[in-house]
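Subject: Structure for you to look at

Hello,

Here is the structure I promised to pass on.

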Amino acid sequence: MTARVGVVTFPGSLDDGDAARAVRIAGAEPVRLWHGDPQLHGVDAVVLPGGFSYGDYLRCGAIARFAPVMETIVDAARGGLPVLGICNGFQILCEAHLLPGALTRNQHLHFRNRDQVLRIESVGTAWTNAFQPGQEVLIPVKNGEGCYVADTATLDQLEGEGRVVARYVGGNPNGSQRDIAAITNAAGNVVGIMPHPEHAVEALTGPSLDGLGFFTSALKHLVGAPA
Amino acid sequence: MPRVVVDVMLKPEILDPQGQAVANALPRLGVSDVASVRIGRRIEIEFTGEPDLDRAREIADKLLANPVIEDFTVRLVEADETADARS
C-alpha cells in the first residue's frame, strides 16, 4: 500500500506545492492538510513546509504553533509519527517544543539563497536513513532567519546523542551555531532542517536529486526497514 | 483603564544583529559615543476588565516571548503614560 504523507498548508506557506511534489516523486501519496483542520486524515507522516506562516508575525513559527492542525501533530509526533519540518517548518517545530533551540535572524542580516553542501551526520532518523554516514549532499538553502541557536548544554547534548542530523559544509550561510543545518528529537522521528530538500528532487529544477533521500527515508522507515 | 505592557528582549548572550546594524549606522549620524544597541519588542495589552498581570505573564511566556532566546518583563502603565511613550 502506498504511504500517505501529509503536507500542511498554513496561511503564508510557500513550499507546500513543492513538498507535495517531492513526496509524489519519492513514491508516496501526498495528502494536503489544512492548518485549521485538526484531522490528519490517516497520514503516515507529515511535512511542515517552508514559507512565512502567518506572515512571520511575532516570531517565525510562533503563531503557527497554535494552529488546530499543530495540536494534533504535536501529540502524534510524541507518539512516533514521522514529522519533517523544512525551513519555516523547522521554526514551527522549535516553537512547538518538539525540537530544542530556536532559529534567529541570519547573523549577517542578509537573506541567503544558494545551493549549499551539507554533510549528513545522523542516518538514524526517520528522514535520513537512506543516506550514508558522512555523505555530502547539495541542497538549496533560502532563509532570512535560519541561524540556529541553543545554550551550550543543549548543543553538547545534541552532539553527544548524535542528534545533529546535518551540518553546513563550505561556508555557514546564516551563522548557525556549530554549523548546524538540521537536528532531530531523541526518538529520531522528528527532524527539522533549514535547507530545502524538496527543491532538489528533479534535474530540471534542482541542483541535484539529493533531496529525494529525505523523502525516501521516510518511506523506508514506514515499511519497517531498520533506521 | 491601565494597560499591561510587555517588553521582550533577546537574552544578553544571544547575538542581536539588528541592534549591531543600528549601532554601526550611528557614526553616519555623527554619533560616536554609543557602545551598543539592543532591539526588542514592546507589546501593549488591554484587558476587557481589570488588568491581570498573572494572565499577561502567561501570555508572554507562551506566545509573546520565546524563553529559549528571549527575556520579558510585565508591568502596568496608565493610559496617559502609554500615550506619552508614543509621542
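This is a predicted model: local features need pLDDT of at least 70, side-chain atom pairs count only at pLDDT 80 or more; totals for chains, interfaces and linings use all residues.

Residues are numbered from 1 along each chain as its sequence is written, while chains are lettered from A and ligands numbered from 1 in the order in which they are written.

Chain B

Helices (H or I, at least four residues) and strands (E, at least two) are DSSP runs, numbered from the N terminus. Chain B has an open, antiparallel sheet of three strands, ordered β2-β1-β3; strands pair if DSSP finds at least two bridges between them. β2 (40–45) and β3 (70–77) of chain B are at the edges with a single partner strand each, so one side of each has no neighbour in the sheet. Strand β1 (residues 3–10) of chain B pairs with β2(B) over six bridges, and Val6(B) has Ile43(B) in β2(B) as its bridge partner.

Chain A

In helix α2 (residues 68–78) of chain A, the buried residues (20 or more other C-beta atoms within 10 Å of their own, with C-beta atoms placed from the backbone) are Val69(A), Met70(A), Ile73(A) and Ala77(A). Down the axis of α2(A), they fall within an arc of 90° (taken from the directions from the helix axis to the C-beta atoms), so they line one face of the helix. Just after α2(A), Gly80(A) has a positive phi of about 110°.

Regards

Notes: A residue is buried if 20 or more other C-beta atoms lie within 10 Å of its own, exposed if 12 or fewer, and partly exposed in between; C-beta atoms are placed from the backbone.
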